[in-house]
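Please keep the sequence and the structure in view while reading.

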Amino acid sequence: MAVSRFKQAYRQQWRYAGNGREYLVLGALLTRLRPPYTVRLTGLGAGDPRLLPGSDGHQPDLTVYRQDQSIAGTEVTGTWLTWEKARREGLWVLPDKIKAAKQWGDTYILVHILDPEFPRGEWLHWIPGFALDYAHTWPITKRCAASGLEEHFIAVDPQAWHNSLTGLIRHIKLLAGDL
């Protein structure tokens, strides 16, 4: 029952940090993407702190649509690291998010929020799925999380990430064929 223990340990974090990050990115996208674009919470548990059963496939937290056609799956994650510390250590990504990026291909976008940097610092970082193609070959680091559980992460070089909301919107419009 390791999965159940994991979900139980993170229940409060998902409620207070995870949901907030998802809604932050949802709001940012909704204010910048006008019709024919729509953005919806779509992931397993996105916007919902309840412990939900697993599924056979990974659904990113947000999906961007253009005239009801899926354009991009956006996974939202984050940390309490400052940008200064993240520049030294890399942005930590769970291996399952790397796996999901491979499954979704070019339409996957991983957004990483640095909570202490919001709203004035470099709080938004994003990377297109194709930039993570070889991440599964990078070393996995184990560390003890605030929950007390040992987690496995891959440190992605900060130089690989983009940090502009305008750039994220532009990337989504490129995926839609609008630029």
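## A pair of strands

In this predicted model, strand 7 and strand 8, the latter made of residues 150-156, pair through four bridges in the antiparallel sense. Within this region, C144 has E150 of strand 8 standing opposite.

## The sheet and its helix

Strands of a sheet pair through backbone hydrogen bonds, and this can happen in a parallel or an antiparallel way. Here, an open sheet is formed by three strands in the order 4-8-7, with antiparallel pairing. Strand 4 (91-93) and strand 7 (141-144) each have a single partner strand and stand at the edges, so one side of each is left without a neighbour in the sheet. From one strand to the next, the twist averages 50 degrees.

Helix 3, which covers residues 95-104, packs on this sheet and touches both strand 4 and strand 8, and its direction makes about 50 degrees with that of strand 8.

In soluble globular proteins, nonpolar side chains tend to be buried together. The largest nonpolar core in this model has 20 residues, and those with the most contacts inside it are L29, L33, V64, V111 and I172. Among the elements that give two or more residues to this core are helix 1 (2-32), strand 5 (108-114) and helix 4 (165-176). Apart from this core lies another, of 19 residues, which includes W83, W92, Y108 and I154.

Which residues does V111 contact, leaving aside its neighbours within four places in sequence? They are V25, T74, E75, V76, T77, L124, H125, W126 and L168.

Definitions and conventions. Residues numbered from 1 in each chain as written. Predicted model: local features only at pLDDT ≥ 70, side-chain atom pairs only at ≥ 80, totals over all residues. Heavy atoms only, no water. Core = buried A, V, L, I, M, F, W, Y, C linked by side-chain atoms within 4.5 Å. Buried < 20%, exposed > 50% of the residue type's maximum accessible area, 1.4 Å probe, protein only. Contact = heavy atoms within 4.5 Å. Pairing = 2+ DSSP bridges. Axes fitted to C-alpha atoms, helices over the stretch in contact; angles between N-to-C directions.
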